Amino acid sequence: HGFNSSTHVYFVTVQKKSYLPGEAEAGFITRISRSCITDANFDTYSEVTLECHGVGENFNLLQAASTVPASRKVADDLGISEGDQVLLTVFSPGKDRTSEPQKQSAMCAYSLPYID
C-alpha cells in the first residue's frame, strides 16, 4: 500500500523479519517506510515496524490499509487534531512463520503525526 502527504511518500509492506543467514525463517513483519517527496537520492528514507496486537495474538501481516482524516472521536482517542490523517489497517496473524494469513483479523489505527 502506498500513499503520500504534502511532504512525504509512504509505503507499507510485509517483509521477512530478518535476512541474516540462519535467521531467514524468523517469520514476517509489516513495516512502513517514508521518504521526502523532494529527495531524489532517498537520503531521508526511514522505516519502522508496525505492530497490531489483539488478545494474546500478534497480528503481523498487513491485509489492507487506507488513509482517512480523523473524526473528532478518533482524534480524541489518538491525541491528535480532528482532520489529521490516520492510517487504518487490517492485519492477520501469519500461519506459523509464513506469510500466509490465518482467518482472524484485527483493525489498528495509526496517526501520521505519530508515525512521522
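In this predicted model, buried residues account for 31% of the 116 residues in the protein. The exposed surface comes to about 7200 Å², of which carbon and sulfur atoms supply 52%. Taken along the principal axes, the C-alpha atoms fill a box of roughly 40 × 40 × 20 Å.

**Overall fold**

The protein has 2 helices and 9 strands. Along the sequence, these elements follow the pattern β-β-β-β-β-β-β-α-β-β-α. Among contacts with a separation of 6 or more, 45% are between residues 24 or more positions apart.

The charged side chains comprise 9 positive and 14 negative ones. The centres of these two sets lie 6 Å apart.

**The disulfide**

The protein has 1 disulfide. Cys 52 and Cys 108 form this disulfide, with their sulfur atoms 2.0 Å apart. The bond links distant parts of the chain, as Cys 52 and Cys 108 are 56 residues apart. Cys 52 belongs to strand S5 (residues 52-54), while Cys 108 belongs to strand S9 (residues 106-111). Both Cys 52 and Cys 108 are buried. The torsion about the S-S bond of Cys 52 and Cys 108 is about 80°, so the disulfide is right-handed.

Another cysteine, Cys 36, is partly exposed, because its relative accessibility is 24% and the cut-off for a buried residue is under 20%.

**The aromatic pair**

A search of the whole structure finds 1 aromatic pair. Phe 3 and Tyr 10 form the pair, and their rings are 4.8 Å apart, centre to centre. The angle between the planes is 10°, and the pair counts as stacked because planes under 30 degrees apart are classed that way. Phe 3 is buried, with a relative accessible area of 9%. Tyr 10 is also buried, at 0% relative accessibility.

**Arg 34 and Ser 46**

Arg 34 lies in strand S3 (residues 28-36). Leaving aside residues up to four places away in sequence, Arg 34 touches His 8, Val 9, Tyr 10, Thr 44, Tyr 45, Ser 46 and Asp 116. One of these residues, Tyr 10, also takes part in the aromatic pair with Phe 3.

Ser 46, which Arg 34 touches as well, is found in strand S4 (residues 46-50). With residues up to four places away in sequence again left out, the contacts of Ser 46 are Ile 32, Ser 33 and Arg 34. Ser 46 is partly exposed, with a relative accessible area of 32%.

| Pair | Separation in sequence | C-alpha to C-alpha distance |
|---|---|---|
| Arg 34 and His 53 | 19 residues | 23 Å |
| Ser 46 and Ala 106 | 60 residues | 26 Å |

Key
Residues numbered from 1 in each chain as written. Predicted model: local features only at pLDDT ≥ 70, side-chain atom pairs only at ≥ 80, totals over all residues. Heavy atoms only, no water. Helix = DSSP H or I, 4+ residues; strand = E, 2+ residues; numbered from the N terminus. Buried < 20%, exposed > 50% of the residue type's maximum accessible area, 1.4 Å probe, protein only. Contact = heavy atoms within 4.5 Å. Areas by Shrake-Rupley, 256 points an atom, 1.4 Å probe, with all protein chains shown as cover. Lys, Arg positive; Asp, Glu negative; His and termini not counted. Charge placed at Lys NZ, Arg CZ, Asp CG, Glu CD. Phe/Tyr/Trp six-rings, centres within 6.5 Å; stacked < 30°, edge-to-face > 60°. Disulfide = S-S within 2.5 Å.
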